[in-house]
Amino acid sequence: MEQNLLELKNIHKSFGENLIHQGVSLTLKKGESLGLLGGSGTGKSVLLRSIIGLERIDRGEILFHQERIEHLSENQLTPYRIKMSYSFQNGALFDSVNVFENIAYPLFEHTKLSYDEIKTKVADMLKLIDLEGKEELMPSDLSGGMQKRVGMARSMILNPEIILYDEPTAGLDPANTLNVVSLMQKLKQKGIASIFVTHDISSAIMLCDRIIVLHQGKIIFNDTPMHFQRSDNPIVQKFINSKE
Amino acid sequence: MRTLSYQLSSISLQLKRFFIFIGEIFALFFETIRCTFSSPFYFSRLMEQITHIGYGSTSITVVIGLTMGLVMTLNFGYGLAKFGGTLYVPAVVSLSLAREMAPLFTSLLVAGRVGSGIAAEIGAMNVTQQIDAIRALGTSPVRVLVVPRFWALVLSLPLLSALSFAVGILGGLIVCKTEFDIIPGLYLYKVFSTVKFHDYMSGLVKSAVFAGIITIFACYKGLNTRDGTKGVGLTTTWVVVTASILILVTDFFISKIFLVIW
């Protein structure tokens with residue numbers, strides 16, 4: 001039986017009195033895409049941030065390749081953050097440096113590649129995200145969709161095993177949404193597993209192998225997109241109908 | 001009774017917050033030192049910051065140094081002339097500049113210029129998730145952002161203070177020559193025979209300590225900025241006020257230590 005790449009066991013998280021997660025458990029296998037849906041404020045992004053250690057959970061276990069990582073320090077998390085990357089909602093590009101330096105940043109930090117090799121890798125990555133020749137542009141020169149794609153390029157330049165996407169299509173026009181979704185499809189075909197936080201049900205159905213719905217700190221649905229569409233769970237139904 | 005218990009719990013909460021804040025400031029300082037002596041060390045970023053923070057502050061340093069020298073010499077000169085003590089002006093001005101005025105005023109100006117800049121830059125990075133991106137990409141914000149700024153200012157501020165002192169002495173020389181007929185040779189002889197090694201050291205050590213205070217507080221506040229652009233504005237104000245007060249308070253204690261040692 002194939003081992004889980006990532007496993008969350010009974011995650012609890014709160015901010016003061018505000019309970020965010022109350023026993024969230026899920027698994028992710030190699031190459032699998034998981035869509036994480038839920039209303040605003042249900043803790044979807046917090047769950048992604050907890051997985052990569054940007055937020056600390058109150059209770060529970062996070063296992064990556066069967067190793068517990070939730071208690072690790074920032075320094076100890078470094079090797080895991082290379083294998084598991086995070087694509088921010090707004091791209092979170094470094095605004096004082098250009099596109100090349102943004103995408104090359106992880107390569108300069110974690111590899112011993114020469115400058116020319118890094119240049120080639122960045123050029124290949126820009127080709128993949130349809131931004132060929134834009135190395136010298138500053139983040140402020142890019143549209144929102146382009147910034148998201150550059151952010152995604154930066155998060156996948158080290159060939160991670162998992163990419164955590166935080167609302168990659170939020171705020172984009174249909175053309176840009178299509179660009180981002182097709183990029184995510186390309187990465188899926190490469191065998192990269194992903195967790196995809198979104199409100200965009202059609203993209204989630206198109207891309208994901210499984211869909212999870214978070215409601216009031218708990219997972220209320222965890223099944224294939226087909227079952228998601230046919231679910232008779234009133235909350236899932238309400239969620240689907242509200243998006244139509 | 002209820003009011004008293006409410007007030008006590010409020011005070012204890014504030015005390016707890018204060019001690020947590022002090023603890024976090026020291027934790028950031030020790031993490032900065034730890035990151036300095038473990039690889040990787042970003043030498044190019046350090047040079048970039050020295051250019052930006054140090055070289056970029058030379059013009060205001062020259063202005064403040066020259067103004068201090070001119071104004072102090074003028075005031076001391078006319079004050080001491082009443083008692084026939086004009087010849088003591090070079091000694092008084094140079095000692096004041098070396099021990100106190102040059103490091104103190106240069107540091108206060110740099111706290112305004114550089115401290116607010118660091119806090120605003122890091123604060124803006126924080127509210128736009130760039131700090132989270134640095135962490136998520138497996139690197140340390142302290143190593144990438146704090147260490148180069150800390151050492152850039154710790155190395156630059158003593159040099160800026162020395163420049164401020166030199167320009168202040170030049171200002172004093174101009175006033176002594178034009179207002180009090182003290183020839184430059186005599187003026188410089190009086191200056192260099194009065195100011196001793198420990199006076200220079202006092203100014204340099206103070207500047208280095210002030211630099212540490214400015215950067216650690218600015219970086220700490222920047223890394224903890226919340227509430228968007230409003231938060232960035234509050235952060236910069238807080239850093240300038242806090243760093244200035246701490247510089248003034250610390251100045252007294254370092255002066256006292258140096259007077260006891262030498």
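Let's start in chain A, where strand β7 (residues 162-166) and β8(A) run parallel and are joined by five bridges. One of the facing pairs is I163(A) with S194(A) of β8(A). Strand β3 (residues 33-38) of chain A also runs parallel to β8(A), with four bridges between them, and here L34(A) has I195(A) as its bridge partner. Helices (H or I, at least four residues) and strands (E, at least two) are DSSP runs, numbered from the N terminus, and two strands pair if DSSP finds at least two bridges between them.

This is a predicted model, where local features need pLDDT of at least 70 and side-chain atom pairs count only at pLDDT 80 or more, while totals for chains, interfaces and linings use all residues. Side-chain values use heavy atoms, with hydrogens and water left out; residues are numbered from 1 along each chain as its sequence is written, and chains are lettered from A and ligands numbered from 1 in the order in which they are written.

How many of the five residues of β8(A) are buried? Five of the five in β8 (residues 193-197) are, so the strand is largely enclosed by the rest of the structure. Buried means under 20% relative accessible area, exposed over 50%, and partly exposed in between (1.4 Å probe, protein chains only). A193(A), I195(A) and V197(A) point one way from the strand, S194(A) and F196(A) the other.

Strand β4 (residues 59-64) is joined to β5(A) by two bridges, and F64(A) stands opposite E67(A) of β5(A).

I62(A) belongs to β4 of chain A and counts as buried, at 2% relative accessibility. Eleven residues away in sequence is I51(A), and the C-alpha to C-alpha distance between I62(A) and I51(A) is 6.8 Å. I51(A) is among the buried residues of α1(A), as are K44(A) and R49(A). Eight of the nine residues of this helix (residues 44-52) are buried, so α1(A) is largely enclosed by the rest of the structure. After α1(A) comes G53(A), with a positive phi near 90 degrees.

## A nonpolar patch on chain B

Over in chain B, V241(B), I245(B), V249(B), F252(B) and F253(B) make up a nonpolar surface patch with about 490 Å² of accessible area together. Patches are made of residues with over 30% relative accessible area and no salt bridge, with like charges joined within 9 Å and nonpolar side chains (Val, Leu, Ile, Met, Phe, Trp, Tyr) within 5 Å. A salt bridge is a side-chain nitrogen of Lys or Arg within 4 Å of a carboxyl oxygen of Asp or Glu. Accessible areas come from the Shrake-Rupley method with a 1.4 Å probe; for residues, only the protein chains shown count as cover.

V241(B) sits in helix α9 (residues 228-261) of chain B and is partly exposed, with a relative accessible area of 44%. F252(B) is exposed, at 52%.
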